[in-house]
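Try each task before you read its solution.

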Amino acid sequence: MNETTSHTRLLRLATAGSVDDGKSTLVGRLLYDSKSVLADQLEAIEFASRARGSQNADLALLTDGLRAEREQGITIDVAYRYFATPRRRFILADTPGHVQYTRNMVTGASTAQLAIVLVDARKGIVEQTRRHIAVAALLRVPHVVLAVNKMDLVEFSLQRFHEIVEEFTVVADSLGVTSHTAIPLSALNGDNVVTASENMPWYHGPTLLSHLEEVEVGDDLSTQPGRFPVQSSFSPSARPDWAASRCFGFGLPGTYVAGQVAAGTFSVGQTVTVMPHGTRTVIEAIDQLGGDATDAVAGQSVTIHLFDTAAAERGDLIAAVNDTPHVGEEIVATVCHLSERPLRPGQAVLMKYASKTLEARVEQLIDQLDLATTHREGQPQQLVVNDIATVRLRTAQPVAVDSYRKNRITGSFILIDPGDGQTLTAGMVESVSTVQKEPS
Amino acid sequence: MSRILSYMDILEAESVHIMREVAGEFERPVLLFSGGKDSAVMLHLARKAFAPATVPFPVMHVDTGHNFAEVLEFRDRVVAELGLRLYVADVQSYIDDGRLAERPDGTRNPLQTQPLLDAIAEHRFDAVFGGGRRDEEKARAKERIYSMRDEFGQWDPRNQRPELWNLYNGRHAPGGHVRVFPLSNWTELDVWNYIKRENVALPSIYFSHKREVFKRNGMWLAPGDWGQPQRDEAVEMRTVRYRTVGDMSCTGAVESEAATLAEVIAEIAASRITERGSSRADDKLSEAAMEDRKREGYF
C-alpha cells in the first residue's frame, strides 16, 4: 500500500452469519490472506489458540475481541475491521448472526454498501439466512453476496451449490434484493476467498476478494436531489472575529451554515429551499474545509454561505428547489426495536433525524414482520428487542424527511428515551403526511 | 455528473461531521491533546471543522510526568499558536500528595484514569474527544464513536448503544459523560497519509534521530527522570524513532532511518508489527488488557 491509496475508493461492507457458518473464520481469512494481519497479532492468536488446545491458529480469534466473546466462542457485538488491497479500501462491520443480536446486524448494515450473507453448504438456506437477507433488504444495502461456505464438506459439489443459489435467488427476489451474487468457498482452507479454488474447477466466477474489489454497488448519491442537513449556522454579526477574516468571504452579510452534504450536488449561485419552512435563498459561496469551491457533492463536509440573513439554523434541511422532501407531523416507518425496554403505543419519545432532535409520540403499531416467513402480520401490543414492525409516529412539529427508499440518510431516524437517553428504536421512513385537522 | 470521493476525503468529512455534531449538542466538550500524532490530527480536523472561527472547545493533557521534552514543547507551542485553553490533569501531583501510589514497575499509564476522571468532573466536561482508532486493538474494534461513560467513567462493552447510519445519540445520565472518537474508522496508515497530505506539524521524535536507549522486555526505552537502566541493561546509542507517543516508561522506540514523512509512510506500509505491538508494553499484559483498562475508565 502506498500514497496512491489516498485516491482509492472505499467500500463499506457488513457480514452476517453465525459462528457455526464460519463467519469469523471467513473474516479472519480475508484479513490474513490480504496480508492485513500483522506478525504480533498472529502471534497473539497462535498463543491463545494453543491455550485453548487448538493446533492451528484460530482465525476467528482475530475478530472476537471481547472477553465474553472469546469465552463463549461467539460474536456478540459489531466489530469493525479495516483492510485494503491496491484496488480498494474496506471497512468491514462484522456482525453476529444469532436472532438475539438482530439489532447488531441492523447496526452494521445501516452504513453498509454491501452485505455478505454466509451459509453452511450442508445446511443451505435456513431461517437465519432468510432473516439476514431480510435485514439487508430492509436496510437497503445495495448489493448482497451469498457466501456458500464449507464447500469442502459437500465434496465441492456443483449440484449442491446450484440448489442453494436457486433457493437464495427466490428468497432474495421476494424480499426485494435487487443486486446479488453467490460464491462457493471454504473459509477454513481459503478456497475462493482470496485465491481461486483448485477444488471447484466448475466455478468460473471471481473469488470473494476480487468480487469485493470490483463490484459496483450503484449507490452514487451525488446525482440524487440535493440534501444538506444544517449542523450549525452563524451570522457574521454574531461572530465579530469573522468580520475581520478575509477567508472565503466571511464577514459578508448572510448566513453561514456548516454540514455534510447528504445527497446531490450544491453549486454557487444555486437557489435552494430551506426546509421545513420552505423559504428560498441563494448559495453565495462554498468552502470545502478551507478551500474555496464552486460546488459541494454528497459526502463532503462543507460550509455554505447563504445570501439571506437568518436563513437557516441547526436542524434545518437545505434542499434542491425542484425536489424537496415531504413535510408533515405524521410519519409511517419501518422500525427495528433495539432496546430491552419495550415500545408501546402512546409512548413519548425523542426522535433524532439528520441534525434535528424533537419530541414525538408512538401513535400506533401497525404490523410486525415475521422474519422467518418474511410476512407482515397484524397489530402487535408492544415491540420487544429485535422486533421489526411498521409504526405510525406523530411529531411535535412538522418535519422534512425523505422516504428511506429514496435516501438512507435523510430517511432514517432513531427514537430516544427522553428519560435516560437510551436509543430505543431505529427507523426508516416510508411516508410522511400532515395531520388532518378535525373540522370545528 | 457523478463524483465519488476518495477514501481519505470520506474519512475527513466523517470526522468533521462528528465534531460538528458534538459542538451542536453538548455544553462543554474538551479535546484530549497529548501532543501525539493522533491528537495533532484531531486538532487539525477541529480547526478545519470550525474555521474561520477558533476551535470552540479547550484541550486537556493527561500528564503522567514522564514526558518526552520534545512533545511537551510541541504541545505548548501548538496551544499558544491557536490561542487554545489547555487543562492539565497532573498524575505527578496525585503521587506527590499520596492520592495515587507509584507502581513497582514505575509505569504510570494505569495511573492516568483517576486524574482524567477528576478533571472531567471538576470542569463538568460532558463530551471528551479522544483520538482512539478501532484498528489499534481488539477491544477498541467494538467501541462506538460515541462511547457512554457512567459517573465512574466506566465502559460497559456488553451494554453499548447501537449506533446507526450517521445518527449519534449523545444523551447521557447526569454525572456521566460521552467519549467521542472521530478517528474511529482511520488506520495508522490513514493518519500518516493525512498528516502528509495536510502538512500537519508533529513532534520531532516521530522521525529518525540518534538517542541513548536500553533494552527492557524487548523494547528500546530511553532513560530519563522516570527511571534508569538496571545493572544488566546496557545503554546504547541507536538510530530510532517513535511510532506512538506516551509515557516514557512504557513507550518503546523502534530502530528506524525514516527521517521524512514519505519514509515513515513507506516504513509503516511495509511493517509486519502493529504500532501497539511495537511500542506499548502496557497492552502486552494479557489478552484482555485493553478491555479491562477501558472498563475502568481509561481511554
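Predicted model: local features only at pLDDT ≥ 70, side-chain atom pairs only at ≥ 80, totals over all residues.

Residues are numbered from 1 along each chain as its sequence is written, chains are lettered from A and ligands numbered from 1 in the order written, and side-chain values use heavy atoms, leaving out hydrogens and water.

**Exercise 1.** Work out how strand β2 (residues 59-63) of chain B is enclosed, and find its partners.

Step 1: check burial, meaning under 20% relative accessible area with a 1.4 Å probe and protein chains only. Five of the five residues pass, so the strand is largely enclosed by the rest of the structure.

Step 2: look for pairing, which takes at least two DSSP bridges between strands; the strands themselves are DSSP E runs of at least two residues, helices H or I runs of at least four, numbered from the N terminus. Strand β1 (residues 29-32) of chain B runs parallel to β2(B) over two bridges, with B:Leu32 partnered by B:Met60. The chain gets from β1(B) to β2(B) through helix α2 (residues 37-50) of chain B, in a right-handed β-α-β crossover (clockwise from first strand over helix to second, with the strands pointing away from the viewer).

Step 3: go to the other partner. Strand β3 (residues 86-90) of chain B is also parallel to β2(B), over five bridges, and B:Val88 stands opposite B:His61.

**Exercise 2.** Describe the surroundings of A:Thr255.

Step 1: At 1% relative accessibility, A:Thr255 is buried.

Step 2: list contacts (heavy atoms within 4.5 Å). Leaving out residues up to four places away in sequence, they include A:Ser233, A:Phe234, A:His305 and A:Asp308. The side chain of A:Thr255 also reaches the backbone nitrogen of A:Ala311 at 3.0 Å.

**Exercise 3.** How are the rings of A:Phe83 and A:Phe90 arranged?

Step 1: take the centres, 4.8 Å apart, and the planes, 20 degrees apart. Pairs need centres within 6.5 Å, and planes under 30 degrees apart count as stacked, over 60 as edge-to-face, the rest as tilted. The pair is therefore stacked.

Step 2: check burial. A:Phe83 is buried at 2%, and A:Phe90 is buried at 0%.

Note on methods: Phe/Tyr/Trp six-rings, centres within 6.5 Å; stacked < 30°, edge-to-face > 60°. Buried < 20%, exposed > 50% of the residue type's maximum accessible area, 1.4 Å probe, protein only. Polar contact = N/O pair within 3.5 Å; in protein donor to acceptor, adjacent residues only side chain to side chain.
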